[in-house]
Amino acid sequence: MSKKRVLILGSTGSIGISALEILAEKPDCFEIVGLSAHSNESLLLEQAQKYKVTKLALSQGNTNHPAIPYKGREGILRLIEESEADIVLNGIVGSAGFVPSLTALRMGKHLALANKETLVMAGELVLKEVKKHGVNLLPVDSEHSAIFQLYTRFAKDSLEGVILTASGGAFRDLPKEKLSKVTPADALKHPTWSMGKKITIDSASLANKGLEVIEAHHLFELPPEKIHVVIHPQSYVHSLIQTKDGNLYAQIGVPDMRIPILNALSYPDILPQSLPKLSLSNLSLHFFEPDREKYPMLGLAYKALQKGGAYPLVYNAANEVAVEAFLQGALPFTGIPILVEKTLQWKDWPIHLSSVEEVLATDAYARAISRSILSERKL
Ligand code: MG
C-alpha cells in the first residue's frame, strides 16, 4: 500500500484516540498530517508532540497557544483545505461534523466517516458531492464497515438486504417499566463497546441503531424495508448481509473500533494488526428481535426515513437536545423518544433540503422547537 496522508478530525474523542493508536503502529503506511479537537487543548498538544503533528485545530475555546494555528469552526475548515491530506477521518461528535465532511469531499479528499450525522442530516447532498468529486466514502461505524466489506464482494442485484446488529445497550436486560427511573450513570455503562457519552446513551435507547438505519439507507442505497435490526448481545457479529438465495454472510470479530478505523483508512487493502483475534472455541452467539415498545427510538427512525427530506435531520436534532437534557437531569430517559416524536410531529417539515444553508437552518430550527417543547414542559 502506498503511504497515505491522514487528517484526523476529533482526535481527542474516542474514535480519534483509537485511530492514533492503530496508525502509530504503521508508520510505513500512514502519515498523520493534521489533528483537530473540540475543546481538549492539553490532550491535543500532547498528541501533537507524541505523533509529531504540527497542523492543529481547536474548534472551541479562545486558545492563544502558538502551537495551534487553526481556531474555531472556521479554523477546522481551513485545516482541511490546507492539510494536503489524501483522506480525512471524521470522528467529530454530532451535527458539528456535517460541514467538515462536506468540506473534505469538496476538496476532493476521501472521507473515512465515523460521524453518522453527516449522512443523517443531508445524505443526498453528501452523496452528490461524493459522486461529483469521484472520491470514496468509507464507513467507520462498525456495522457499516462490516456491511461495506461484504457488500462490495457481491453483485448489487444479488442482494436482498442488510441486518445491523445491536448490543442492546445498557438496559438490554432491564424490564421496560424500570426505564423511567434510570440515571445517566446507569445509561453510561455499555456492556461491550467502549465509546463516547452521547453514543453510549444512544445505544441504550437504540437511537444509535436508528441513526445507523438511516446511515445504511444512504451508504448502500437501500429502502428502509431492506434494512433490519437484530439484538446481538455479544457484539461479535458486526453485521450481516442477505443474498437473494436466502444465505446470510456475516463479519465476525472482536468488538474493537480500531479494526473498522484501520479498514476504512487502508481501503481497499486489509492490513495485518496486532489486536487479539477472536477464538471460536466456546463461543456462543445469540440473536433476538428488538422490543419496539421498549425502544421507541428505533421505530421513530424508520418513520423519519420513510418520510424522508428533513425528517431524519429533525430526528437527530431532537435526539441531541433530548440526550443533553437527560445527561443534565432535566429529562427522564423515557422522555427522550417523547421529545423526539413531538418535534417530528410539530409541523410539516420540508421533504427536500437542497443546500447546506437550508440543512443548517432546518437543524437550528428543529433544535429550537425541541428546546421550547422541553422548557414548556409539554412532555
Ligand atoms: Mg455502530
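Student: In this predicted model, is Glu 129 buried or exposed?
Tutor: The cut-off for buried is under 20% relative accessible area. Glu 129 has a relative accessible area of 10%, so the residue counts as buried.

Student: Which side chain meets Glu 129 in a salt bridge, and where do the two residues lie?
Tutor: Glu 129 belongs to helix H5 (residues 117–133) and its partner to helix H4 (residues 98–106), 23 residues apart, so the pair links distant parts of the chain. The N to O distance is 3.3 Å, and the partner is Arg 106.

Student: How many salt bridges does the structure hold?
Tutor: Side chains of opposite charge can pair when their charged atoms come close. The cut-off is a side-chain nitrogen of Lys or Arg within 4 Å of a carboxyl oxygen of Asp or Glu. The total for the structure is 13.

Student: Which residue meets Lys 116 in a salt bridge?
Tutor: The N to O distance in this pair is 3.1 Å, and the partner of Lys 116 is Asp 141. Lys 116 lies in the loop between strand E6 (110–113) and H5, and Asp 141 in the loop between E7 and H6, so the pair ties together parts that are 25 residues apart in sequence. Lys 116 is buried at 5% relative accessibility, and the residue asked for, at 8%, is also buried: Asp 141.

Student: What are the protein donors of the magnesium ion?
Tutor: In sequence the donor residues are spaced D-x1-E-x68-E. Asp 141 lies in the loop between strand E7 (137–139) and helix H6 (142–151), while Glu 212 is in helix H9 (residues 207–219), so these two tie together parts that are 71 residues apart in sequence. Both Asp 141 and Glu 212 are buried. At 2.1 to 2.2 Å from the ion, the donors are Asp 141 (OD), Glu 143 (OE) and Glu 212 (OE).

Student: Which residue meets Lys 198 in a salt bridge?
Tutor: Lys 198 is found in helix H8 (residues 197–205) and counts as buried at 15% relative accessibility. The two partners are four residues apart in helix H8, so about one helical turn separates them. With an N to O distance of 2.5 Å, the partner is Asp 202.

Student: Which residues beyond four places in sequence are in contact with Lys 198?
Tutor: The cut-off for contact is heavy atoms within 4.5 Å. Leaving aside neighbours within four places, the contacts of Lys 198 are Val 93, Glu 117, Asn 319, Glu 320 and Val 323.

Student: Which strands does E10 join through five bridges?
Tutor: Strand E10 (residues 237–243) is mostly covered, with six of its seven residues buried. Ile 163 stands opposite Leu 240 in E10, and Ile 241 stands opposite Tyr 249 in E11. Both pairings run antiparallel: strand E8 (residues 159–166) joins E10, as does strand E11 (residues 248–252). The names are E8 and E11.

Student: What are the edge strands of the open sheet of seven strands?
Tutor: The order is E4-E3-E2-E1-E5-E6-E7, with parallel pairing. Two bridges join strand E3 (residues 56–58) to E4, and Ala 57 stands opposite Tyr 70 in E4. An edge strand here pairs on one side only, and the two are E4 (70–71) and E7.

Notes: Residues are numbered from 1 along each chain as its sequence is written. This is a predicted model: local features need pLDDT of at least 70, side-chain atom pairs count only at pLDDT 80 or more; totals for chains, interfaces and linings use all residues. Side-chain values use heavy atoms; hydrogens and water are left out. Donors are N, O and S atoms within 2.8 Å of the metal (3.2 Å for Na, K and Ca); water is not among the atoms, so sites may look incomplete. Buried means under 20% relative accessible area, exposed over 50%, partly exposed in between (1.4 Å probe, protein chains only). Two strands pair if DSSP finds at least two bridges between them.
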